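Dear colleague,

I am handing over the structure below, and I would be grateful if you could look through it alongside the notes that follow.

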Amino acid sequence: MTAAVGIVLVSHSAAVAESVAELARGLAAGGPVAPVAAAGGTADGGLGTNAEMIVAAVRAVDQGAGVVLLADLGSSVLTVKALLLDGDLPEGARLADAPFVEGAVTATVTASAGAPLDMVLASAVEAYSYRKT
């Protein structure tokens, strides 16, 4: 597989981030799966966000094709925005304005199909339009 867009899931909870990452990888299976990393909780295992964990997760999945970050709410969004603004994340890193679970799944599936960064980001954002009724 050529370089794929990486996906980073930023949550206040390590368990939530890991579970959504597992779900996204599982639903994208059937071929090579794009790299997905979870950055959830604090360094001591508590609830919250940790900038160093986010930077490490981005580095772990960055294959040179870009990285899409999905954040669950509040301070996780603000932390990612600050990292982007301060230049702590690579140029190809983008925060998706997308629902956390549905966006993570569609971004991972799209990235695993070899789509470029803009398409992966758009697929995550498009998940807002998925209706359940």
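Thr108 is buried, with a relative accessible area of 0%, where buried means under 20% relative accessible area and exposed over 50%, with partly exposed in between (1.4 Å probe, protein chains only). Please bear in mind that this is a predicted model, in which local features need pLDDT of at least 70 and side-chain atom pairs count only at pLDDT 80 or more, while totals for chains, interfaces and linings use all residues. Residues are numbered from 1 along each chain as its sequence is written, and side-chain values use heavy atoms, with hydrogens and water left out.

Thr108 belongs to helix 4 (residues 100-112), helices being DSSP runs of H or I with at least four residues and strands runs of E with at least two, numbered from the N terminus. A polar atom of the Thr108 side chain lies 2.7 Å from the backbone oxygen of Ala104. Apart from neighbours within four places in sequence, Thr108 is in contact (heavy atoms within 4.5 Å) with Ile7, Ala24, Arg25, Ala28, Val33, Ala34 and Val36.

Turning to helix 3 (residues 74-85), its buried residues are Ser76, Thr79, Val80 and Leu83. They cover an arc of only 95° around the axis, which puts them on the same side of helix 3, the arc being that of the directions from the helix axis to the C-beta atoms. These buried residues pack against strand 1 (6-11), helix 2 (51-61), strand 3 (67-71) and strand 4 (93-95), whereas Leu78 and Leu85, on the other side of helix 3, are exposed. Just after helix 3, Gly87 takes a positive phi of about 75°.

Terms used:
Polar contact = N/O pair within 3.5 Å; in protein donor to acceptor, adjacent residues only side chain to side chain.
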